[in-house]
Amino acid sequence: MAQQERATIAEAQAPQFELRRQLPFYVDVLRRLVREKPLGLFGGALVLLIAILAVTASWTAPFEPNQLGAGGRLEAPSTAHFFGTDNLGRDVFSRIVWGARIAMFVGFAAVVVATFISVALGLLSGYFGGWFDILVQRLVDAFIAFPALVFLLGVVAVFRDWQAPFLQREGVFSTPVFIIIISLGILFGVGQSRIIRGAVLSVSQATYVEAARAIGVGHTRMILRHILPNVMAPIITLATLGLGNAILAEATLSFLGLGVPPDVPSWGGMLSREARIHMTVGWWLAVFPGVALSAAVFGFNMLGDALRDLLDPRLRTG
Amino acid sequence: MTEYVIRRLLLAIPTVLLVMFATFMLLRLVPGDLVELMMAENPYATEEDRARIERELGLDKPIPQQFAVYLGKVLRGDFGHSPWTGRSVASELQDRLPVTVEFGFMAILIGLIIALPVGILSAVRQDTLADYAARSFAILALSVPYFFTALLLIVFPSTWWGWSPPLTYKPWSAGPIDHLYYYFWPALLLGVGLAGSVMRMTRTMMLEVLRQDYIRTAWAKGLRERAIITRHALKNALIPVVTIVGLQVGTALGGTIILESIFNIPGVGRYFIGAIFQRDYPSVQGVVLVLAVIVVLVNIVVDLTYGWLDPRIRYG
């Protein structure tokens, strides 16, 4: 009887929690993005628009990107050709839409490679430490010291005459595109591994990791279940910012004439040497590809910044 | 302090060695017959040229021996010869490096002249119209590539007003004003691009410092705003800003490569691009090595300036 009484008293004294349905983490982040970060949302919308253009290029673009004489030579923008035509009569709007595809393709592929490298290096280096960590960090030091564009141009210079046996000579799935993707992936991946390593180090000291170790959790399960999910924030942020940088890097190489093959319409390539001769006559040749490129980079930068603030305020670097 | 400098320089040695090894491998990684590729680039190349190139690259010896020879040469300042002009890469660099350094320095200077005051203003007048304008400008500066702004600068003023920025190089001997004016436009474009991240960093750090107790004390003592901001806040906010500026030396180098080829500046960047197109591998190798070593050294200098900004940081 007395015992029962005590139980009811304990029940009455227990703090009353209002049961609120907890939203899944990413839904919550998305909601806060919409509510708190108008610029980030704007960036996200830009990115989404460009991604849709990239996916639907074959329907959205009114002309084939390389179709000579789709209109007259150097026609000003009109209803027939929204962004005008270039010196070979190709439709600039269609080329920009198709340019979104190569930009997004290179961007995503490079970021996948970079994320793989940075997570592998960061986890191994931060979790296991020891001589492996020391060795890798010295290599990363040397790598970070290398100016990015110098590295990229060096790699491109070395592999200019190489033809991968499993790839085409021209087009999107060609050796030059592959080289750009791999070198960007290495460049970003190694640089970002430092940040992932830092995050892994700080997570490794958390009490829940200690608790997991105490109950005998093995390395694989520890990394996959306890460490990796808790370093997702920097991984996502770095990937978003990396996409913008990868797109910019591809455009820069193509601008210099060392990027994607000439038959692939690329924003950087559209601004390159051959196009420059005609720009004094056709302003649209300079403006539209540049605006598309800037908008894509701007979109990813804004989205990445907002995600960094929402996911992991510690990462804020200005 | 001297001890610290020596230790930093010693620590830089493995990094520089790794960089040297990477540039050494550059020629060995080229798939296919390097000499054949280089010969194919120049229809006027003779058999004598082939023999000379082969001898100079020393490709017939075992790799470790080649690396030892390469190291020895590099340490004596011998970066090989361009197979086409026959000029030594070292003397090409000697002519062009000052141009690039001058250009890059001017760009970073312009970047700081824009970024620091705007960043400070943006922090001091947080959440005002000026702050929003400054922040939007910084984001734009980060997103719009220099080669695009450079094209706009070259194309539009010339069609509208018949004006274009100078595109033929003026050496110092043509008069210092002409010389500096020649750099001005490309340096402004590059500087604006660099200003974006410096400005954001300055703003963030100033905001953090301005909330500190000693700033409130300074206000309470009745100091003028100018004194508080420049003498008390700015100096404490600058350390991460200096780090960013140091990191930007690499970015600025990338920018000089692009802008030198647009504005016809006879610097290292244009030489580099030219060498890549001509398959002039010894020159490519020399440029990569020198640029990377410069960036490593600049980063040491950047670390050393921390002590001047913040005496609490002891090197030891």
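Chain B is divided into domain 1 (2–75) and domain 2 (98–309), with bounds that come from an automatic or database domain assignment. This is a predicted model, in which local features need pLDDT of at least 70 and side-chain atom pairs count only at pLDDT 80 or more, while totals for chains, interfaces and linings use all residues. Residues are numbered from 1 along each chain as its sequence is written, chains are lettered from A and ligands numbered from 1 in the order in which they are written, and side-chain values use heavy atoms, with hydrogens and water left out.

The centres of domain 1 and domain 2 of chain B, taken over C-alpha atoms, are separated by 33 Å. Across the two domains, 22 residues of domain 1 of chain B are in contact with 15 residues of domain 2 of chain B, where contact means heavy atoms within 4.5 Å.

The largest nonpolar core has 162 residues, of which A:Leu153, A:Leu184, A:Trp267, B:Ile262, B:Phe263 and B:Phe272 touch the most other members. Such a core is a set of buried Ala, Val, Leu, Ile, Met, Phe, Trp, Tyr and Cys residues joined through side-chain atoms within 4.5 Å; buried means under 20% relative accessible area, exposed over 50% and partly exposed in between, with a 1.4 Å probe and protein chains only. Helix α10 (residues 225–262) of chain B gives the most to this core, with 16 residues; helices here are DSSP runs of H or I with at least four residues, and strands are runs of E with at least two, numbered from the N terminus. Because domain 1 (2–75) and domain 2 (98–309) of chain B both give residues to this core, it lies between them. A second, separate core of 17 residues includes A:Ile196, A:Ala206, A:Val217 and A:Ile227.

In chain A, the contacts of A:Trp267, leaving aside its neighbours within four places in sequence, include A:Ile50, A:Ile96, A:Ile247 and A:Pro289. A:Met270 belongs to helix α12 of chain A, and its C-alpha atom is separated by 18 Å from that of A:Asn245, 25 residues apart along the chain. A:Ser266 is placed in the loop between α11 (232–255) and α12 (267–270) of chain A. Its side chain makes a polar contact with the side chain of A:Ser254 (3.4 Å), a polar contact being a pair of N or O atoms within 3.5 Å, of which, within protein, one must be able to donate a hydrogen and the other to accept it, with residues adjacent in sequence counting only if both atoms are side-chain atoms.

| Residue | Relative accessibility | Class |
|---|---|---|
| A:Ser266 | 2% | buried |
| A:Met270 | 10% | buried |
| B:Arg279 | 12% | buried |
| B:Asn264 | 34% | partly exposed |

Two loop residues of chain B deserve a note on backbone geometry. B:Asn264, in the loop between α10 and α11 (268–277) of chain B, has a positive phi near 55 degrees and is a residue other than glycine. B:Arg279, in the loop between α11 and α12 (281–309) of chain B, has a positive phi of about 55 degrees although it is not a glycine. Most residues other than glycine have a negative phi.

Helix α8 (residues 176–210) of chain B has 35 residues, yet its end C-alpha atoms are only 42 Å apart, short of the 51 Å that a straight helix would reach, the expected span being 1.5 Å times one less than the number of residues. α8(B) bends by about 35 degrees at B:Phe184, and a proline, B:Pro186, follows within four residues; the bend is the angle between axes fitted to the seven residues ending at a residue and the seven starting there.
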